[in-house]
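These notes concern the charged side chains and how they pair. Please read them with the sequence and the model open.

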Amino acid sequence: MNQTVALEPLYSIKVKCCNCEEEFMTSRVRPSLKRAIRRDADFCSYYQNENPDYYVVRICPHCGFASTENSAERLTDWQRKAFMTQIGSRWETRSFEGKRSWSEALETYKLALLCAQATQDKERLIASLLHHIAWMYRYNGDEAQELRFLKHSLDSYINVFQQEGISGSDARLMFLIGELNRRTGQFNEAVKWFSRIVNDRKIMDAGMIRAAREQWGVIREQMQGQEPGPVA
């Protein structure tokens, strides 16, 4: 009689720390099991089984530096010094390999944020980490903390847009700025960003144009008081 063996959702990969350059193992969710059951307008996904967002951050057990695939590949001398002064000198050896709880996943994101800020990594990375922390609080139903970090991530995304200049190809960034304005109750600002996506002829991303139109409609309903419940 044939028996189907359930596939373990996690597997381990070897990575090299961009700070101390030691190798360590970190866990990931198998690509074949990354099936979202639904997704919010700001790209926060929900999963029936293991949540891949819990395993985005890799933490070196040797020195404590937390990074993602989008972090700098190798730190400069001044970055290493800044990390050691602000974070590394207080690190107590521990491992985050294997299954992570919600609280452990939140801890990894906050440590990654501190590391990115200490080493002055890319603003886009910092914005993403702030946004993911907001998602973590959303998963746990903590609306106050979610709103707090959505506001921080919105400010950071705006900085990214201003630093990188107006690019017709970055409709996703513009959409996120519009959507986070909507989620933080700044409806007029949200409309401005969504209308830029819809009306700018240089933007060719049909998916983002369609999403901007949809969220523009959501805002109209919210402003008319037709949607008193939580945002989607």
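1. R38, D40, D42, R138, E146, E179, R182 and R183 are joined in a network of salt bridges, a salt bridge being a side-chain nitrogen of Lys or Arg within 4 Å of a carboxyl oxygen of Asp or Glu. The model is a predicted one, in which local features need pLDDT of at least 70 and side-chain atom pairs count only at pLDDT 80 or more, while totals for chains, interfaces and linings use all residues. Residues are numbered from 1 along each chain as its sequence is written, and side-chain values use heavy atoms, with hydrogens and water left out.

2. Because D40 sits in the loop between β3 (36-39) and β4 (45-47) and R138 in helix α3 (residues 123-139), the pair ties together parts that are 98 residues apart in sequence; helices (H or I, at least four residues) and strands (E, at least two) are DSSP runs, numbered from the N terminus.

3. D40 is buried at 7% relative accessibility, and R138 is likewise buried at 12%, where buried means under 20% relative accessible area, exposed over 50% and partly exposed in between (1.4 Å probe, protein chains only). R138 also meets E146 in a salt bridge of 2.7 Å, N to O, and both E146 and R138 are buried.

4. The count of salt bridges comes to 18. One of the salt bridges joins E69 to R28, with the closest N and O atoms 2.9 Å apart. E69 lies in the loop between β6 (66-67) and α1 (77-86) and R28 in strand β2 (residues 23-29), so this pair ties together parts that are 41 residues apart in sequence. E69 is exposed, with a relative accessible area of 56%.
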